[in-house]
Amino acid sequence: RFCLKNICSIQPILRFSKTERRTQVTKILDGKVFAKNLREELTQTVSALQKEYGEVPGLAVVLVGNNPASEVYVRNKGIQTKECGMRSFEHKLPSTIQQEDLLKVIYQLNEDPEVDGILVQLPLPDQIDAQKVLDTIDPAKDVDGFHIINAGRLTTGGEALVPCTPLGCLLLLKDHFGDLTGKDVVVIGRSNIVGKPMAALLIRESCTVTIAHSKSQDLKAICKRADILIAAVGRPEIITGDFIKKGAVVLDVGINRIPAPEKGEGKTKLVGDVAFEEAKLQAEAITPVPGGIGPMTIAVLLRNTIEAACRRRNWVYNL
C-alpha cells in the first residue's frame, strides 16, 4: 500500500521550543506557508510515482455556470494541479444544463481510467439536485470526501477519502502539537462538510470532542473549556475573546464578507467566525482570515487525488 507518512507528518512549520513559547507572542498559524510546503512534498511524490509507474494522477473538475468566485477557484485548482505534475481535466458546462446531462458527464468520468479524482464545484444551479450529483461520483474518486460511503467509512473508522477543509485543519494541529491525544476540542458547527468530519477525525486522534452549534446552551461556557477551538459556523466574528481559554489553539474556518466603511463607501472585507484581534490576546496560536485554513484546501485536494490514485491503481510506494 502506498505510504503517505511524509505527507501526513510534514516537518514542523515555525515550531517554537518550550522556552521560546513562554515568551513568544501568539503564534499565527500560516496556512499559506503550510500549503506551499505540502505542495512541494506532493510534487516530489508525483515525480517518484511517474518514475516508478510511468503515469501520474489525474484530477477532473466540473464547473456548472459562470459564478465568478467558482471560476477563480477552479482556475487555481487547475494551475496547482499542473504545477504538482498531475493531469488536470476541466469540464465547463452551461448553467442551463439539466441534471440528466450533468450525471452523464459524471458517469463518463467514473469510467475514465485517466481520472483518479472528480470534483464538482458547488454551488450548483437550482434545477440540479446537488446531493444526487455528489452521490453519483465513484466513491474511489470522490476527492472532496462528500459521498455518503466515504462519510460512513470515516465515521466508523474505515479507510476513506476525507473532506479537504477538516483534513487541512488536522494537519495544522498535528504540526503544532504533534500528539493530540487527550486534547479537549470544541467544534462549533455541525455541517457535513466541516463540523461532522472534523469531529470524526479528532476522535480518531483520541481527542475528547464536543460539537456545539447555534442551539447549544451557554456556548461561551462550552468554548471556554477547550484546549482547541475550531469555529466553522458561518457567522462573522461570533466568537469573541471571552469565549477562549487562555493558551488555547484557535482554528477559524469561517470566511465572511462584511462591509468595510473604513476602506471607503461600498467596500467590503473578509473576516472569520472569530474576532481575531480579541482572540489572539487569549490564544497560544490562531489562524488568520484570510491566510489560515483557506489556502490549505487546494493543497489537501491534491493530496487526496494522489491518495485516490494509489488506492485505485494499487500503486505501492514508500516515501
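Visitor: What do the side chains of Glu-307 and Arg-311 meet in?
Guide: A salt bridge, at 2.3 Å from N to O. Bear in mind that this is a predicted model.

Visitor: Where do Glu-307 and Arg-311 lie?
Guide: Both are in helix α12. They sit four residues apart, about one turn of the helix.

Visitor: Is Glu-307 buried or exposed?
Guide: Buried. Its relative accessible area is 14%, and buried means under 20%. Arg-311 is partly exposed, because its relative accessible area is 25%.

Visitor: How many salt bridges does the structure hold?
Guide: It holds 14.

Visitor: What does Arg-312 form a salt bridge with?
Guide: With Asp-116. Their closest N and O atoms are 2.5 Å apart. Arg-312 is in helix α12 (residues 296-313), while Asp-116 is in the loop between α5 (99-111) and β4 (117-120), so this pair ties together parts 196 residues apart in sequence.

Visitor: And Asp-116, buried or exposed?
Guide: Buried, since its relative accessibility is 0%. Arg-312 counts as partly exposed at 30%.

Visitor: Which residues are linked with Asp-116 and Arg-312 in a network?
Guide: Glu-55 and Arg-313. Salt bridges link these four residues in a network.

Visitor: Switching to the sheet. What's the strand order?
Guide: β1-β11-β8-β7-β5-β6. That is an open sheet of six strands, with parallel pairing. The edges are β1 (27-28) and β6 (208-212), and each of them pairs on one side only.

Visitor: How many bridges does β1 make with β11?
Guide: Two, in the parallel sense; β11 covers residues 285-286. Ile-28 has Ile-286 as its bridge partner in β11.

Visitor: What about β7? How many bridges join β5 to β7?
Guide: Four. β5 spans residues 184-188 and runs parallel to β7. Four bridges also join β7 to β8, again running parallel.

Visitor: Which residues stand opposite Ile-228?
Guide: In β5, Val-185 stands opposite Ile-228 of β7. In β8, Val-249 stands opposite Ile-228.

Visitor: Which residues are buried on the faces of β7?
Guide: Ile-228 and Ile-230 on one side, Leu-229 and Ala-231 on the other. Both faces of β7 are covered.

Visitor: Now the surface. Which residues gather in a patch of positive charge?
Guide: Arg-190, Lys-196, Lys-215 and Arg-235.

Visitor: Where is Arg-235 found?
Guide: In the loop between β7 (228-231) and β8 (249-252). Arg-235 counts as partly exposed because its relative accessibility is 42%.

Visitor: Backbone next. Which peptide bonds are cis?
Guide: One of them runs from Leu-122 to Pro-123, with omega near 5°. Pro-123 lies in the loop between β4 and α6 (130-136). Another runs from Val-289 to Pro-290, with omega near -5°. Pro-290 has its place in the loop between β11 and α12.

Visitor: What's the phi of Ser-206?
Guide: About 65°. That is positive, although Ser-206 is not a glycine. Ser-206 lies in the loop between α9 (195-204) and β6. With a relative accessible area of 43%, Ser-206 is partly exposed.

Visitor: And what's phi for Asn-314?
Guide: Near 55°, a positive value in another residue that isn't glycine. Asn-314 lies in the segment after α12.

Visitor: Is Asn-314 buried or exposed?
Guide: Exposed, because its relative accessibility is 63% and the cut-off for exposed is over 50%.

Technical notes: Residues are numbered from 1 along each chain as its sequence is written. This is a predicted model: local features need pLDDT of at least 70, side-chain atom pairs count only at pLDDT 80 or more; totals for chains, interfaces and linings use all residues. Side-chain values use heavy atoms; hydrogens and water are left out. Patches are made of residues with over 30% relative accessible area and no salt bridge: like charges are joined within 9 Å, nonpolar side chains (Val, Leu, Ile, Met, Phe, Trp, Tyr) within 5 Å. Accessible areas come from the Shrake-Rupley method with a 1.4 Å probe; for residues, only the protein chains shown count as cover. Lys and Arg count as positive and Asp and Glu as negative; His and the chain ends are not counted. The place of a charge is taken as NZ of Lys, CZ of Arg, CG of Asp or CD of Glu. Buried means under 20% relative accessible area, exposed over 50%, partly exposed in between (1.4 Å probe, protein chains only). Two strands pair if DSSP finds at least two bridges between them.
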